[in-house]
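Let's take a look at a protein model together. Keep the picture open while you read the notes.

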Amino acid sequence: EYFDALKREGLYEDATIIITGDHARAISDKRDVEAARVTALFVKESGEAGKALAYSSAPVCQENLRAEIVKSAGIVTENDYGLAFSDIAEGADVTRKYCFEKTLEDGTHQIVEYRVTGDANDFSNWELVTRYDIGRLYK
């Protein structure tokens, strides 16, 4: 319905549309990540209406979202937001970050950060980097 409305209003061609999950489904929020966790991403950039749907396994992560928005909006900035989703080729040698909120036994929380190099579907490519204690988030 949303896409149809954009098309009716003549806005679809110039629209950049990004749809993603905010995280993959967790097996448990009380244990470290024990298997690969990836989520789907859909990007239709401005000017790409009518092109066939393309599939990619390019190594991207949520850190590329800001760069994609800046690029698609045509914003010129002195800040380097890194690579946009569309700038990363299939099979590129890119290291990504994955952060996971973990609930500890005492009810406090951590952000557990992983480095992912290579195919994110292969958990042997994941390395635990650090833990940030963020305290109690919920009563």
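Below are short notes on the core, the salt bridges and a surface patch.

This is a predicted model, so local features need pLDDT of at least 70 and side-chain atom pairs count only at pLDDT 80 or more, while totals for chains, interfaces and linings use all residues. Residues are numbered from 1 along each chain as its sequence is written, and side-chain values use heavy atoms, with hydrogens and water left out.

**The core**
- The largest nonpolar core has 8 residues: Val33, Tyr98, Phe100, Val112, Tyr114, Val116, Ala120 and Trp126. Such a core is a set of buried Ala, Val, Leu, Ile, Met, Phe, Trp, Tyr and Cys residues joined through side-chain atoms within 4.5 Å; buried means under 20% relative accessible area, exposed over 50%, and partly exposed in between (1.4 Å probe, protein chains only).
- Strand 4 gives the most to this core, with 3 residues.

**Salt bridges**
- The structure holds 6 salt bridges, each a side-chain nitrogen of Lys or Arg within 4 Å of a carboxyl oxygen of Asp or Glu.
- Lys71 pairs up with Asp87, with their closest N and O atoms 2.9 Å apart. Lys71 sits in helix 2 and Asp87 in the loop between helix 2 and strand 3, so this pair ties together parts 16 residues apart in sequence.
- Arg115 and Glu127 also meet in a salt bridge (3.0 Å, N to O).
- Asp32, Lys102 and Arg131 are linked in a salt-bridge network.

**The surface**
- Tyr132, Ile134, Leu137 and Tyr138 make a nonpolar surface patch of about 400 Å².
- Ile134 counts as partly exposed because its relative accessibility is 37%.

Terms used. Patches are made of residues with over 30% relative accessible area and no salt bridge: like charges are joined within 9 Å, nonpolar side chains (Val, Leu, Ile, Met, Phe, Trp, Tyr) within 5 Å. Accessible areas come from the Shrake-Rupley method with a 1.4 Å probe; for residues, only the protein chains shown count as cover. Helices (H or I, at least four residues) and strands (E, at least two) are DSSP runs, numbered from the N terminus.
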